[in-house]
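Please keep the sequence and the structure in view while going through the points below.

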Amino acid sequence: MRSGSLILIAAFSLLMAVSAGADDSVGNVKTLSGNVSIERDNAIITPMIGGKIFRNDALKTGADGSVGVVFKDDTLVSLGPDSRIVISEFLFSPSENKLSIVMKMFRGTMVYLSGIIAKLAPEAVRVETPVANIGVRGTKFAVRMEGNDPSWSGEQKAGRSSSLK
Amino acid sequence: MVSLKKLCLAAALIPLLISCASQKNLVVLLPEEGGKAGAVSVANKGGSQVIDRANQGSSIDSAEKQPSVPEAIDPKKIDKIFGHALKAQPRKPLHFTLYFEFNSDNLTAESKVVLNSLLSEIRVFNPSAVAIIGHTDLVGTSKANHELGLERANAVGKILVSSGVNQAIIEVYSHGMDNPLIRTKGNEPRNRRVEAVIR
């Protein structure tokens with residue numbers, strides 16, 4: 001390789017210092033089985049283990065699919081077959097007072113283990129479903145949704161979730 | 001054979017402990033490691049419930065009808081409904097805490113040992129990401145501490161890179177003074193830490 005290219009690469013590496021910090025991904029896919037897809041910006045993506053997850057991603061599993069995701073705040077979400085959730089919000093920046101995690105669950109089965117956002121700001125953690133809102137205080141829970149209401153766009157019609165003391 | 005519907009109508013007159021909600025929409029509180037459970041609330045236009053005992057669940061028939069009073073659910077049934085999702089649950093991220101010598105960019109002797117464990121775990125586990133988070137104590141302003149935390153996190157990031165960790169998986173953050181280990185104002189050394197999270 002010519003020395004000029006080497007110098008360029010070295011300079012570029014210095015600029016790409018570790019303080020490049022984080023991208024805007026919200027987590028990673030960690031487990032995968034069967035038919036699993038991600039809808040992102042009107043495209044369908046086949047996820048890979050280690051692949052990044054972003055806000056507004058829709059995670060979808062087929063009849064034989066299951067998937068597990070770990071979020072940047074240690075929240076663990078896993079889906080069984082025939083499931084669909086959308087990651088509506090994820091903010092994990094305590095110094096800027098930005099803390100929130102909101103999922104919309106349309107159908108299927110989900111197991112949810114809450115993470116640091118729930119410890120720091122439990123009122124900012126929510127799972128919205130066609131029939132109810134779920135409020136969370138540092139905990140593990142499971143949800144099954146029949147999901148036979150095609151008119152539910154994910155917009156909240158139901159009442160506000162009561163806060164847990 | 002009496003239909004469930006007739007049984008439910010009868011139950012309205014007779015105080016039987018039958019759950020008349022089908023469980024097609026169901027929220028179940030699960031025990032965490034160590035058997036403890038937290039709590040969830042389930043709320044809609046019809047009302048709300050709080051589930052605060054493990055293996056109890058509440059059914060929701062519709063967005064207008066109050067969720068059912070929480071009741072115990074057979075763990076075998078929980079496994080049957082949620083088995084696939086439970087099996088797909090990822091491993092919890094691993095956390096390592098590193099401390100610096102006072103006013104210095106050098107790790108303490110104990111933390112050098114922790115660093116070796118961290119590096120070894122990264123090699124074995126081949127993580128998707130290593131998040132490095134700088135924290136400070138509660139002395140000073142939020143902004144200044146945010147910057148201080150970032151400096152410390154970057155220092156650890158550089159150590160990891162020079163120890164061979166792929167820079168592409170390293171993420172550097174600062175939580176400043178806003179995510180303390182020990183909630184006490186002032187000079188608490190245990191808050192002045194850098195956290196490395198392998199996920």
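This is a predicted model: local features need pLDDT of at least 70, side-chain atom pairs count only at pLDDT 80 or more; totals for chains, interfaces and linings use all residues.

**Notes on the interface and on two residues**

1. The contact draws 61 residues from chain A and 58 residues from chain B.

2. Between chain A and chain B the count is two salt bridges. One of these joins the side chains of Glu146(A) and Lys24(B), with 3.6 Å from N to O. Across the interface of chain A and chain B, 20 residue pairs are in polar contact, with both residues at pLDDT 80 or more.

3. Which elements of chain A each supply at least two residues of the side that touches chain B? They are strand S1 (25-33), strand S6 (66-71), strand S7 (76-79), strand S9 (98-113), helix H2 (116-120), strand S11 (133-137) and strand S12 (140-145). By residue class, the side of chain A that touches chain B divides into 31 nonpolar, 21 polar and nine charged residues.

4. S12(A) and strand S1 (residues 26-30) of chain B run antiparallel and are joined by five bridges. Within S1(B), Val28(B) is the bridge partner of Ala142(A).

5. Is Thr61(A) buried or exposed? Thr61(A) counts as buried because its relative accessibility is 5%, and the cut-off for buried is under 20%. A polar atom of the Thr61(A) side chain lies 2.6 Å from the backbone oxygen of Gly80(A). The side chain of Thr61(A) also reaches the backbone nitrogen of Asp82(A), at 3.2 Å. Leaving aside residues up to four places away in sequence, Thr61(A) touches Asn35(A), Val36(A), Ser66(A), Val67(A), Leu79(A), Gly80(A), Pro81(A), Asp82(A) and Ser83(A).

6. Ser48(B) counts as partly exposed because its relative accessibility is 28%, and partly exposed covers the range between under 20% for buried and over 50% for exposed. Ser48(B) and Gln66(B) are 18 residues apart along the chain, and their C-alpha atoms are separated by 6.1 Å.

Conventions:
Residues are numbered from 1 along each chain as its sequence is written. Chains are lettered from A and ligands numbered from 1 in the order in which they are written. Side-chain values use heavy atoms; hydrogens and water are left out. Contact means heavy atoms within 4.5 Å. A salt bridge is a side-chain nitrogen of Lys or Arg within 4 Å of a carboxyl oxygen of Asp or Glu. A polar contact is a pair of N or O atoms within 3.5 Å; within protein, one must be able to donate a hydrogen and the other to accept it, and residues adjacent in sequence count only if both atoms are side-chain atoms. Helices (H or I, at least four residues) and strands (E, at least two) are DSSP runs, numbered from the N terminus. Ala, Val, Leu, Ile, Met, Phe, Trp, Tyr, Cys and Pro count as nonpolar, Asp, Glu, Lys and Arg as charged, and the others, Gly among them, as polar. Two strands pair if DSSP finds at least two bridges between them. Buried means under 20% relative accessible area, exposed over 50%, partly exposed in between (1.4 Å probe, protein chains only).
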